[in-house]
Amino acid sequence: MIRSGGTMLKQVCWLAVACSVVHAQERSIAGDWIVDFDYLGSKMYDRALIQDANGSLSGSLLGQPFVGTRTGTKVSFHSTNGSVSGEAIVTGDRFQGSEIIRLGPQDPHPLKLTFVATRVPPRPARPPITHDFTPSVFYRSFSALNPPALHIAPGDTVRTETVDNAGVDGENIRRTAGGDPQTGPFYVDSAMPGDILAVHILKLTLNRDTAQSDDVISYSAMNRDLAVMTKDNRSAVTWHLDRKRMVGWPENRSGHLSAFEVPLRPMLGGVGTATIPGPPAPPTFDSSSSGGNIDFNEIEAGSTVYLPVNVPGGLLYIGDGHALQGDGELNGSALETSMDVEFSVDLISNKSIKTPRVETSAYVAAIGFDGSVDGALRAATDGMADWLAKDYGLTPSEIGQVLGVAAEYRIAEVADRNAGVVLKIRKDLLMKLNK
């Protein structure tokens, strides 16, 4: 009886295990997934939205619609245009496998990528909190490989500080090498590639009484005569910042500038998310579709910057504070200074943007970057057209009509490798559109 009972017990246990395996095999893989590719030694991410109707699969991957089947733990799929095919094995809440990408039916060297897919994590359920963060390390590239300085959640607020473009802090102590060093990166929990990060600039507070600038004029903004006239301009200029009156003037001012002063308008030149980790990361004095060294002087307290999420967590960087900057940042530097910064973050899931966007109390703005002002203007126009189409549902004809009467262009930046041009539209005009 003991032997028989033991045998029966084993049979019951094996039956339970078998049932659990069958249950796992039949588990639906419908939902929102993040796909981590090994792209020949480099990382690449994609978002997959999968529908699973009793093993019949459909969805999108690598920007392509796909169909497939799930039989137990085995998944096979192919894009509807035939350029991509693959297979994977499901294990719990993840699946991994490989896919083949062909440039054409006779492609002699199709690309084979391995991948691991995991479900997009839910947003943290806790209430928003405020973080007081004192940076000890600053970074000079918008890299996905830099370790997160702080984990935050959508809705959270961060109070922190930045150094100036030379790495000097609010105590006039050099903390790091120059080149527009950034504070961060901040890892936003549940932010995944395919999302948009909304960065709300709450407060920008000057924390010292000086700023650095110079007297040069960016070559890209000059003709030959002006270049000859200003060829000897190479002086560094220290500005005094009166933080009570919020005005500034060149120290030791004299001559025609002996009474010259300007109203201060603190802004952040640098707001960016990490770029994809495959190519080399852009330095912090550069800009891209992920933001970075934007240098748009309306990124000030009360504005919101919208940026794409390219890697898990987004990895948000902020820095390059300016007490004031004229359009174009013609000196190659504005009134460069350190500041105390307070910002919060929100997350817009499963939405893409072509260019960084900025929203102020009165305007929406799309920012374009290119090696020339002409190219940057085209990129800004394309970014705004994309915004009007996706968020307001405008047809191509309607987009042309709105841009023709409502577009306002600003030159944000001409001093760096990329020029930056901003296309703005008044929000009160957009409120008159029927969605």
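**Close-up 1. Helix α3.** Helix α3, residues 373-392, has 20 residues and reaches 27 Å from its first C-alpha to its last. That is close to the 28 Å expected at 1.5 Å a residue; the expected span is 1.5 Å times one less than the number of residues. Helices (H or I, at least four residues) and strands (E, at least two) are DSSP runs, numbered from the N terminus. This is a predicted model, in which local features need pLDDT of at least 70 and side-chain atom pairs count only at pLDDT 80 or more, while totals for chains, interfaces and linings use all residues. Residues are numbered from 1 along each chain as its sequence is written, and side-chain values use heavy atoms, with hydrogens and water left out.

Buried residues of α3 are G375, A376, A380, G383, M384, A385, D386, W387, L388 and Y392. Buried means under 20% relative accessible area, exposed over 50%, and partly exposed in between (1.4 Å probe, protein chains only). The cover over the buried residues of α3 includes strands β24 (357-359), β25 (363-370) and β27 (419-426). Helices α4 (396-406) and α5 (427-430) are also included in that cover. After α3 comes G393, with a positive phi near 70°.

**Close-up 2. The nonpolar cores.** The largest nonpolar core has 41 residues. A nonpolar core is a set of buried Ala, Val, Leu, Ile, Met, Phe, Trp, Tyr and Cys residues joined through side-chain atoms within 4.5 Å. Which members touch the most others in the largest core? They are F186, L268, F296, I299, L316 and F343. Take L268, leaving aside its neighbours within four places in sequence. L268 is then in contact (heavy atoms within 4.5 Å) with I201, L204, F296, I299, I318, G319, D320, G321, M339 and V341. A second, separate core has 19 residues, among them M384, A385, Y392 and L394. Of these, M384, A385 and Y392 are buried residues of α3.

**Close-up 3. The largest pocket.** The largest pocket holds about 370 Å³ of space. A pocket is an open set of points on a 1 Å grid over the protein atoms alone, with protein on both sides within 12 Å along at least five of seven lines; a cavity is a set of points where a 1.4 Å probe fits but cannot get out; lining residues have an atom within 4 Å of a point. Grid points are joined across faces, edges and corners, and a volume is the space filled by probe spheres set on the points.

The largest pocket is lined by 22 residues. Closest to its centre are S213, D214, W239, N331 and L335. Strands β14 (210-214) and β15 (236-242) are the elements that give two or more residues to this lining. By class, the lining has 10 nonpolar, six polar and six charged residues. Ala, Val, Leu, Ile, Met, Phe, Trp, Tyr, Cys and Pro count as nonpolar, Asp, Glu, Lys and Arg as charged, and the others, Gly among them, as polar.

**Close-up 4. The second largest pocket.** This pocket has a volume of about 240 Å³. Of its 14 lining residues, P193, G194, P308, V309 and N310 are the closest to its centre. Strand β2 (residues 42-53) gives the most to the lining, three residues. Seven lining residues are nonpolar, three are polar and four are charged.

**Close-up 5. The largest cavity.** The structure holds three cavities of 30 Å³ or more, and the largest has a volume of about 100 Å³. Its lining is I29, V35, A48, I50, L57, L61, F66, V75, F77, F95 and F115. Strands β2, β3 (56-61) and β5 (74-79) each give two or more of these residues. How does the lining divide by class? It has 11 nonpolar, no polar and no charged residues.

**Close-up 6. Backbone details.** A cis peptide bond joins G184 and P185, with omega about -5°. P185 lies in strand β12 (residues 182-188). N54 is not a glycine, yet its phi is positive, about 55°. N54 is found in the loop between β2 and β3. N54 counts as exposed because its relative accessibility is 80%. S190, also not a glycine, has a positive phi of about 80°. S190 lies in the loop between β12 and β13 (196-206). Its relative accessibility is 6%, so S190 counts as buried.

**Close-up 7. I411 and its surroundings.** I411 lies in strand β26 (residues 408-413). At 39% relative accessibility, I411 counts as partly exposed. The C-alpha atoms of I411 and V421 are separated by 4.6 Å, with the two residues 10 apart along the chain. Leaving aside neighbours within four places in sequence, I411 is in contact with D327, G328, V373 and G420.
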